[in-house]
Amino acid sequence: TLYYLKRYIIILVIGAVCATPVVKKLLDKFSDNKIISVLEIIVYIGLLIICSAALISSSFNPFIYFRF
């Protein structure tokens with residue numbers, strides 16, 4: 001629906017761009033640069049933290065503890 005499109009448009013655009021060989025060509029072009037290598041690792045760690053935070057925040061439900 002339109003609600004989900006508004007909410008996830010940024011993720012869809014990033015996914016569409018990263019699904020093409022554009023990102024790989026850019027990384028191959030600048031792969032000999034030491035700064036790009038360090039920046040790539042920082043981006044991967046940042047993505048891991050963002051994905052982990054999204055999974056944790058969406059799984060909290062306080063009503064599951066009423067059984068105990």
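Tutor: Let us begin with a definition: the rings of Phe, Tyr and Trp (its six-membered ring) count as a pair if their centres lie within 6.5 Å, and the pair is called stacked when the planes are under 30 degrees apart, edge-to-face when they are over 60 degrees apart, and tilted otherwise. The model is predicted, so local features need a pLDDT of at least 70 and side-chain atom pairs count only at pLDDT 80 or more, whereas totals for chains, interfaces and linings use all residues. Residues are numbered from 1 along each chain as its sequence is written, and side-chain values use heavy atoms, with hydrogens and water left out.

Student: Which residues do ring pairs link into a cluster?
Tutor: A search of the whole structure finds 2 aromatic pairs. Tyr-3 and Tyr-4 make an edge-to-face pair, 5.3 Å centre to centre with 70 degrees between the planes, while Tyr-4 and Tyr-8 make a stacked pair, 6.3 Å centre to centre with 10 degrees between the planes. Tyr-4 and Tyr-8 lie 4 residues apart in helix α1 (residues 2-18), about one turn of the helix. The cluster linked by these ring pairs consists of Tyr-3, Tyr-4 and Tyr-8.

Student: Is Tyr-8 buried or exposed, or something in between?
Tutor: Buried means under 20% relative accessible area and exposed over 50%, with partly exposed in between (1.4 Å probe, protein chains only). Buried residues make up 0% of the 68 residues in the chain. Because its relative accessibility is 36%, Tyr-8 counts as partly exposed.

Student: Which side chains meet in a salt bridge?
Tutor: A salt bridge is a side-chain nitrogen of Lys or Arg within 4 Å of a carboxyl oxygen of Asp or Glu, and a search of the whole structure finds 1. At 54% relative accessibility Lys-24 counts as exposed, whereas Asp-28, at 46%, counts as partly exposed. With a distance of 3.1 Å, N to O, the side chains that meet are those of Lys-24 and Asp-28.

Student: Which helix gives the most to the lining of the largest pocket?
Tutor: On a 1 Å grid over the protein atoms alone, a pocket is an open set of points where a 1.4 Å probe fits, with protein on both sides within 12 Å along at least five of seven lines, and lining residues have an atom within 4 Å of a point. The lining of the largest pocket includes Ile-14, Val-23 and Tyr-44, and α1, α2 and α3 (34-58) each supply at least two of its residues. With 6 residues, the helix that gives the most is α3.
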